[in-house]
Amino acid sequence: QMFKGFEKLKDVQYVYTPFDSSLCGVKLEANNKKQYLLTGQILSDGKVLIHLCNYIESWDDLSLSQKKSLNQRYQMGCGCKVS
C-alpha cells in the first residue's frame with residue numbers, strides 16, 4: 001500500500017532498483033511473507049525507483065509507534081516542512 005504518491009500514480013505493479021549494491025541497488029526478499037516500508041522516487045515515465053540512499057525497512061522491524069504514525073499521524077502533518 002502507498003501512503004503518498006497516489007496523485008501521481010494510482011497503481012504500483014513494479015519497483016525498480018539498480019542491478020547490484022555497487023550501483024546502490026537494493027536486494028529485497030521477493031515472497032508474499034515479507035512486507036517493506038519503501039521510500040523512493042516516481043520517475044517521469046511512471047516507474048518507481050528505489051536505491052540504497054532511500055529509507056527501506058522491513059515492516060516487522062518497525063516499532064509500534066512508527067507503524068501507528070504511518071497509518072495515522074504522519075498524514076496529518078504532510079503540509080508542514082520538516083528540517
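In which strand is the place of S58? S58 belongs to strand β5.

## Basis of the model

This is a predicted model, in which local features need pLDDT of at least 70, side-chain atom pairs count only at pLDDT 80 or more, and totals for chains, interfaces and linings use all residues. Residues are numbered from 1 along each chain as its sequence is written, and side-chain values use heavy atoms, with hydrogens and water left out.

## The sheet

Three strands make up an open sheet, arranged in the order β1-β4-β3 with mixed pairing. β1 (15–16) and β3 are the edge strands, each with a single partner, so one side of each has no neighbour in the sheet. Strands are DSSP runs (E, at least two residues), numbered from the N terminus, and two of them pair if DSSP finds at least two bridges between them. Strands of a sheet pair through backbone hydrogen bonds, either parallel or antiparallel.

β1 and β4 run parallel and are joined by two bridges. Across this pairing, Y16 stands opposite L49 in β4.

## Residues around the sheet

K47 sits in the loop that links β3 (41–42) to β4. Its relative accessible area is 36%, which means that K47 is partly exposed; buried means under 20%, exposed over 50%, and partly exposed in between (1.4 Å probe, protein chains only). Leaving aside neighbours within four places in sequence, K47 is in contact (heavy atoms within 4.5 Å) with Y16, Q41 and I42. K47 and Q13 are 34 residues apart in sequence, and their C-alpha atoms are 9.4 Å apart in space.

P18 occupies the loop between β1 and β2 and is partly exposed, at 24% relative accessibility. Leaving aside neighbours within four places in sequence, the contacts of P18 are L23, C24, G25, V26, L49, I50 and H51. From P18 to I50 the distance is 8.1 Å, C-alpha to C-alpha, across 32 residues in sequence.

N54 is found between β4 (48–49) and β5 (56–58), in the loop. Its relative accessibility is 18%, and N54 therefore counts as buried. The N54 side chain reaches the backbone nitrogen of H51 at 2.8 Å. This is a polar contact, defined as a pair of N or O atoms within 3.5 Å; within protein, one must be able to donate a hydrogen and the other to accept it, and residues adjacent in sequence count only if both atoms are side-chain atoms. Not counting residues up to four places away in sequence, N54 touches T39, G40 and L49.

S58, in β5, is buried, with a relative accessible area of 8%. Not counting residues up to four places away in sequence, S58 touches K34, Q35 and Y36.

## Salt bridge and surface patch

One salt bridge is found in a search of the whole structure. The term denotes a side-chain nitrogen of Lys or Arg within 4 Å of a carboxyl oxygen of Asp or Glu. E29 forms a salt bridge with K34, and the closest N and O atoms are 3.6 Å apart. E29 is partly exposed at 44%, and K34 is also partly exposed, at 29%.

V12, V15, L28 and L38 form a nonpolar surface patch with about 260 Å² of accessible area together. Patches consist of residues with over 30% relative accessible area and no salt bridge, like charges being joined within 9 Å and nonpolar side chains (Val, Leu, Ile, Met, Phe, Trp, Tyr) within 5 Å. Accessible areas come from the Shrake-Rupley method with a 1.4 Å probe, and for residues only the protein chains shown count as cover.

Conventions. Helices (H or I, at least four residues) and strands (E, at least two) are DSSP runs, numbered from the N terminus.
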